[in-house]
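Please examine the sequence and the structure shown below.

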Amino acid sequence: MTISEVSRKYGLTQDTLRYYERVGIIPPVHRASSGLRDYTEEDCSWVELAKCMRSAGLQVEAIARYVSLAQQGDETISERRDLLIEQRKQLKEQLISVQEALKRLDYKISRYDAAVKEGFLSWD
């Protein structure tokens, strides 16, 4: 697949795909004999993983570290697992924080709803 096809498929800009490759979020993409990127199924799997991890809030450095470890082979399985466990822990902490903020917003909204219902606020 060309970079433009991969860009459309995953909803990422071509610049983002190049950046991901440059900083190690995805391994170097296969190249055609012309030198142009020619994304294989494996390359696309890395793009998909990177997109998932980034959308979950993982930092670039953590993803790049994971990719580097994966490229080193099976001897890094334990270290990769530990890295993922640590990232999962951080995500759970962020989730709790977001849930607390959501509760606070729900409370505030309910107070405004009650005030409007009781006629304390007007939209005039």
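A salt bridge is counted where a side-chain nitrogen of Lys or Arg lies within 4 Å of a carboxyl oxygen of Asp or Glu. The model is predicted, with local features requiring pLDDT of at least 70 and side-chain atom pairs counting only at pLDDT 80 or more, while totals for chains, interfaces and linings use all residues. Residues are numbered from 1 along each chain as its sequence is written, and side-chain values use heavy atoms, with hydrogens and water left out.

Side chains of opposite charge can pair when their charged atoms come close. Across the whole structure, a search finds four salt bridges. One of them joins the side chains of R37 and E21, at 2.6 Å from N to O. This pair links distant parts of the chain, since R37 belongs to the loop between α2 and α3 and E21 to helix α2, 16 residues apart. Helices here are DSSP runs of H or I with at least four residues, numbered from the N terminus. E21 also forms a salt bridge with R31, where the closest N and O atoms are 3.9 Å apart. R31 lies in the loop between α2 and α3 (41–55) and E21 in helix α2, so the pair ties together parts that are 10 residues apart in sequence.

E21 is buried, at 13%. R31, at 45%, is partly exposed, and R37, at 22%, is partly exposed as well.

Another salt bridge, between D15 and R18, has an N to O distance of 3.0 Å. Both residues lie in helix α2, three residues apart, which is about one turn of the helix. D15 is exposed because its relative accessibility is 56%, whereas R18, at 29%, is partly exposed.

Two packed helices are described by the angle between their axes and the distance between the axes. Helix α1 (residues 3–10) and helix α2 (residues 14–23) pack at an angle of about 100 degrees, their axes being 9 Å apart. Axes are lines fitted to C-alpha atoms over the stretch in contact, and angles run from 0 to 180 degrees between N-to-C directions. α1 and α2 are therefore roughly perpendicular to each other, a class that covers angles of 65 to 115 degrees. I3, S4, V6 and S7 of α1 make the contact with Q14, L17 and R18 of α2, where contact means heavy atoms within 4.5 Å.

The whole structure contains one aromatic pair. Y19 and Y20 form this tilted pair, with 6.3 Å from centre to centre and 50 degrees between the planes. Rings of Phe, Tyr and Trp (its six-membered ring) pair if their centres lie within 6.5 Å; planes under 30 degrees apart count as stacked, over 60 as edge-to-face and the rest as tilted. Y19 is partly exposed at 34% relative accessibility, and Y20 is buried at 7%.

Finally, R80 lies in helix α5 (residues 77–117). R80 is buried yet has no salt bridge, and the nearest side chain of opposite charge, D74, is 4.5 Å away. For charge, Lys and Arg count as positive and Asp and Glu as negative, with His and the chain ends not counted.

Key
Helix = DSSP H or I, 4+ residues; strand = E, 2+ residues; numbered from the N terminus. Buried < 20%, exposed > 50% of the residue type's maximum accessible area, 1.4 Å probe, protein only. Parallel < 35°, antiparallel > 145°, perpendicular 65-115°, else oblique.
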